[in-house]
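Please describe this structure for someone who has not seen it before.

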Amino acid sequence: MTDAVTVIPAEGAPRPLVFDSPHTGMLYPDDFRPALDMAVCERVNDWFVEDLFGAAPAHGAPLILAQFRRAYIDPNRDITDLDLAMVADGWPHPVVPTEKTGRGASLIWKMIDGDKPIYDRKLSHAEVSNRIKTYWRPYHAAVESALNAAYDRFGKVLHVNCHSMPEYGNPVFGEGDMRRPDFVIGTRDGTTAGDAFTALVVENLRAAGYHVGVNEGLKGVELVRRYSDPAAGRESLQIEVNRALYMDERAITRSDNFAQVKADLTAMIAALAAFAAA
Ligand SMILES: [Zn+2]
């Protein structure tokens with residue numbers, strides 16, 4: 001085992017409920033060697049999300065945290081979503097480019113903000129393989145194991161995949177003037193979670209006064225796709241929290257509103273724990 005992932009176990013009565021935060025890790029392995037300033041690479045992290053959702057274990061749900069930074073390898077991409085132009089000496093495995101590849105934001109990110117190259121070199125086959133084996137796979141193994149443990153015990157499981165998003169869309173992709181909602185809930189257009197689970201999250205946040213979008217631009221990517229099968233009782237839902245709600249995106253500090261947002265999310269987690277137990 002490596003330092004790739006931390007699992008904070010559930011306390012008290014377990015629920016068929018699992019939270020994961022794939023983008024809050026702070027570790028840069030030595031072989032990252034970006035050409036771009038580290039402070040720019042860090043901007044794709046989901047700052048403080050592990051703290052915002054930190055009440056999950058006290059409500060019977062494990063919380064799984066990636067320890068490595070997203071710019072090194074992104075656990076919210078399939079390992080087939082690799083940009084072969086980044087690999088120096090060939091890649092023998094299947095590759096299926098996605099819309100994220102075009103944005104420079106696939107398994108191993110090529111660009112920050114779509115226009116700032118991270119590397120001034122190609123990566124070797126060995127480097128890419130190591131990132132997958134040492135970081136991506138242990139993270140996924142931890143998520144899958146927690147989901148299966150809950151499913152085996154309860155015959156169902158609800159998975160909440162936790163993220164944060166910049167206040168505004170990216171101008172490089174023509175989204176610059178769009179202030180995002182306070183929260184965006186993603187279910188890949190209703191294919192990864194059922195209506196009751198989705199409605200519980202949406203209505204709880206709306207009742208707390210937030211503007212909540214559903215599948216509005218940010219619909220969920222690999223982690224909700226890979227482990228969901230609503231017909232079989234496996235439901236996964238992505239929550240994106242607007243960073244302007246709880247932090248200063250330039251200073252990378254929690255804002256005065258952080259405690260309120262965390263309290264509102266804690267109330268939502270409590271409601272979800274009751275819903276999961278029903
Ligand atoms: Zn994220």
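The report below goes from the whole chain to single residues.

**The model and the chain**

This is a predicted model, in which local features need pLDDT of at least 70, side-chain atom pairs count only at pLDDT 80 or more, and totals for chains, interfaces and linings use all residues. Residues are numbered from 1 along each chain as its sequence is written.

The chain has seven helices and 11 strands. Helices (H or I, at least four residues) and strands (E, at least two) are DSSP runs, numbered from the N terminus. Along the principal axes, the C-alpha atoms fill a box of roughly 55 × 40 × 30 Å.

Of the 278 residues, 42% count as buried. A residue is buried if 20 or more other C-beta atoms lie within 10 Å of its own, exposed if 12 or fewer, and partly exposed in between, with C-beta atoms placed from the backbone. Among contacts with a separation of 6 or more, 78% come from residues 24 or more positions apart. Two residues are in contact if their C-beta atoms, placed from the backbone, lie within 7 Å.

**The sheet**

Seven strands form an open sheet with mixed pairing, in the order E1-E3-E2-E6-E9-E7-E8. Its edge strands, E1 (5-8) and E8 (212-214), each pair on one side only. On average, neighbouring strands of this sheet are turned by 20° against each other, direction ignored. Axes are lines fitted to C-alpha atoms, for helices over the stretch in contact, and angles run from 0 to 180 degrees between N-to-C directions. Two strands pair if DSSP finds at least two bridges between them.

The table gives the two pairings of strand E2 (residues 17-21).

| Partner of E2 | Sense | Bridges |
|---|---|---|
| E6 (residues 157-165) | parallel | four bridges |
| E3 (residues 63-66) | parallel | three bridges |

Valine 18 has histidine 159 of E6 as its bridge partner, and aspartate 20 has isoleucine 64 of E3. In E2, five of its five residues are buried. Leu17, Phe19 and Ser21 point one way from E2, while Val18 and Asp20 point the other way. In a regular strand the side chains alternate between the two faces of the sheet.

Helix H5 (residues 195-207) has 13 residues and reaches 17 Å from its first C-alpha to its last, close to the 18 Å expected at 1.5 Å a residue. The expected span is 1.5 Å times one less than the number of residues. Phe197, Val201, Asn204 and Leu205 are the buried residues of H5. Seen down the axis of H5, these buried residues fall within an arc of 95°, so they line one face of the helix. The arc is that of the directions from the helix axis to the C-beta atoms. On the other side of H5, Asp195, Ala196 and Ala207 are exposed. The cover over the buried residues of H5 includes E6, E7 (183-186), E8, E9 (234-242) and helix H7 (258-277). Glycine 209, which follows H5, has a positive phi, near 100°.

The 20 residues of H7 should span 28 Å at 1.5 Å a residue, and its end C-alpha atoms are 28 Å apart, which agrees. Among the buried residues of H7 are Val261, Leu265, Met268 and Leu272. What covers the buried residues of H7 includes E2, helix H2 (49-52), E6 and H5.

**Two loop residues**

Arginine 15 lies in the loop between E1 and E2. Arginine 15 is buried, with 23 other C-beta atoms within 10 Å. Beyond its neighbours within four places in sequence, arginine 15 is in contact with residues including His59, Gly60, Ala273 and Ala276.

Leucine 218 is found in the loop between E8 and helix H6 (222-227). Leucine 218 is partly exposed, with 18 other C-beta atoms within 10 Å. Leaving aside neighbours within four places in sequence, leucine 218 is in contact with Met165, Val184, Gly186 and Glu240. Leucine 218 and glutamine 238 are 20 residues apart in sequence, and their C-alpha atoms are 8.8 Å apart in space.
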